[in-house]
Amino acid sequence: MKDIKKNSGLLLLAVPGIIITILMKYLAYPGLLLAFKDYQASIDQGFFAALWSSPWIGFDNFRFLIMNPDIGLILRNTLGYNISLIIIGTITAVTAAIAINEILHLRTKKTIQTLMFFPFFMSWVSVSYMMVGFFDSDYGLLNQALSFFNLQPIEWYNDPTWWPLIIIIMGTWKGLGYNSVIYLSTIQGFDKSYYEAASIDGASKWQQIKYITVPLLKPMVIILTILGIGGIMYSDFGLFYQLPKNSAALYNVTQTLDIFVYNALKIPNSLGLSAAASFFQSIVGFSLVIGTNFIVRRIDRDSALF
Amino acid sequence: MNKSIYSISKPANVVITAIMGIIGFACVFPYLLAVSISFTSEASLKAQGFSLIPKEFTTETYQFLFMNWQKLLQAYGNTILVTLLGTAIVLFITLTLGYVLSRKTFKWRNSLSMFIFITMLFNAGMTANYMIMTQVLHLNDTLWALILPLTVNPFWIFIARTYFMTSIPDSIVESATIDGASELTIFGKMILPLSLPVAATIGLFSTLTYWNDWFNAKLYIDSSSLDTLQYFLVRIEESAQYLTNNAATLGAYAVEVVSQLPDQTLMMATMVIATLPLALAYPFFQRYFVSGLTVGAVK
């Protein structure tokens, strides 16, 4: 009681935030039980009561999930794209940051940074509109180029051949400015005396990058990779759903777990399936963050996230 | 000392500038193309396809758009309302929780920190959140369903905490407490004015998040009167997609269906109008995003 009185002012400040956090985050945790229940909605019970009184069905929902003929493909896509995007995204962003940092003319440097930052401010919906300019089968720039070289035009939204590449390029395109800015400002925060000492010892610019810049960037790369790995079961919904215009012909290369969870949620009688897939995402995501962080902690304590 | 030791050689500079310049241009090129398409006459598109410089310049598409302004204006209104209200709530929650977490004298500091940290590590997922929003809070098909899911952001709360801990000395709060000021007064009169830099960064991130969100609308919104700009774009695209996919089965009606398809110039113009405020404003605000990104990445 004495404690409450002593801290009453600060408690009062924190209460609205705590309430919204409970409503928006904590209320949903019991909802994870949906994965193990045959949920029966009822008119005279609230959601939680109905959830609790619905029959337990063990791992039946997960069994259905595994039996789904597309699940292998969906997992392959989710993991494959995410791993490729993390690796390619990191390499391109670090390279771009180092390159921009070396540009001599300050105005040019700033302008290029501004241009590269642009996609970060656009939603995938807007990007999917823009990309029609490239992919439209009648008027698009890509087919114009193909016909210029006397090649067969491609029905971009109906031909899955190039989509794995398109998704990786577009995912990288959208994040490049954002990620390289993080690395760039990290580089700019480095102690200049390292570079001075290195040049006095006759190190070339290339050697300075290799032996000073890249090693110093390592903690930041590790932190961002841990965060990326934690999200490896999730996907950028817009990149896989909006950009290919949810085209059925492309499903084999565009379906990811998020899209599966969403579709199952919107189709009647498949709530259990959606809940099982969603549960899987949450648990795997959580374990991966904890696991990666644990490993990083053992190797290099300072680079760990927590 | 020779300056050239510190920086790259002139030719290397030219090469790097050229390559990065091309990449920078590639980042805005799709948007420029869309803007150009929106100013091209439908007839010249049919003849020559898309190009970066309109073959036949026209403002007809925009004139048409502004004559049918009701829907677009409504979507603008909803987006602005959701963005402003959402950002106000985000700032309130983030700054209060961040500040309380920064106070070393607060008894439940560690518990509160853990309470927030858990939400960062563990997400209940789309299905559970959907059920809570629709079955417990019954907020589906209201603008609250677009606002509330984005209000609690643990990253931002920890950024605010770090900011308060590093840039507001304990002595300020201590001396105010000795002078008899209440915690609420201290927060309102002293802390809030000092929090402007971090508030600007978080406020801008939040503005961008709300302005560009379409997924919550896709999950929760049915009534077209609640469409935000982004979701309005989704609906146009979906109806165009539906008509294209079903043109074959509609057989005799196919011709009529194709004539109903929204013109591509019109779709591009709608997208340009919906994104214009962001495209024009971001160069002036990007430094706040940069500082936010770097603070956010450093734990």
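1. A residue counts as partly exposed when the number of other C-beta atoms within 10 Å of its own falls between the limits for buried, 20 or more, and exposed, 12 or fewer. By this rule D141(B) is partly exposed, because 14 other C-beta atoms lie within 10 Å. D141(B) sits in the loop between α6 and α7 (144-147) of chain B, and its phi is near 60°, a positive value in a residue other than glycine.

2. Please keep in mind throughout that this is a predicted model. The predictor gives the complex an ipTM of 0.92 and a pTM of 0.92, while chain B has a mean pLDDT of 88, with 90% of its residues at 70 or more. Where pLDDT is low, the predicted coordinates should not be read in detail.

3. Chain A is built with 15 helices and 0 strands. Its radius of gyration is 25 Å, well over the 19 Å that the globule rule gives for 306 residues, so chain A is more spread out than a compact globule. Along the principal axes its C-alpha trace spans about 75 × 75 × 35 Å, and 39% of the 306 residues count as buried. Of the contacts in chain A between residues at least 6 apart in sequence, 66% join residues at least 24 apart.

4. Turning to the contact between the chains, chain B contributes 81 residues and chain A contributes 79 residues. On the side of chain B that touches chain A, several helices each supply at least two residues, among them α4 (69-102), α5 (109-121) and α15 (264-297), but α1(B) gives the most, with 15 residues. The residues on this side of chain B divide into 54 nonpolar, 22 polar and 5 charged.

5. Within α5(B), the residues L112(B), F115(B), I116(B) and T119(B) are buried, and seen down the helix axis the buried residues fall within an arc of 85°, so they line one face of the helix. An α-helix has 3.6 residues a turn, so residues three or four places apart point the same way. The face turned away from the buried side of α5(B) carries the exposed residues N110(B), S111(B) and M114(B). The cover over the buried residues of α5(B) includes α2 (8-26) of chain A, together with α4 and α8 (154-167) of chain B.

6. Leaving aside residues up to four places away in sequence, N78(B) touches L143(B), L226(B), D227(B) and T228(B). From N78(B) to S195(B) the distance is 29 Å, C-alpha to C-alpha, and the two are 117 residues apart in sequence.

7. Two loop residues of chain A also deserve a look. L33(A), in the loop between α2 and α3 (47-53), is partly exposed, with 17 other C-beta atoms within 10 Å, and its C-alpha atom is separated by 28 Å from that of F294(A), 261 residues apart along the chain. N150(A) is found in the loop between α8 (141-148) and α9 (163-188) of chain A and counts as exposed, with 6 C-beta neighbours inside 10 Å. Although N150(A) is not a glycine, it has a positive phi of about 60°.

Definitions and conventions
Residues numbered from 1 in each chain as written. Chains lettered and ligands numbered in written order. Predicted model: local features only at pLDDT ≥ 70, side-chain atom pairs only at ≥ 80, totals over all residues. Helix = DSSP H or I, 4+ residues; strand = E, 2+ residues; numbered from the N terminus. Rg over C-alpha atoms; globule rule 2.2 N^0.38 Å. Contact = placed C-beta atoms within 7 Å. Nonpolar A, V, L, I, M, F, W, Y, C, P; charged D, E, K, R; others polar. pLDDT = per-residue confidence, 0-100. Arc of directions from axis to C-beta.
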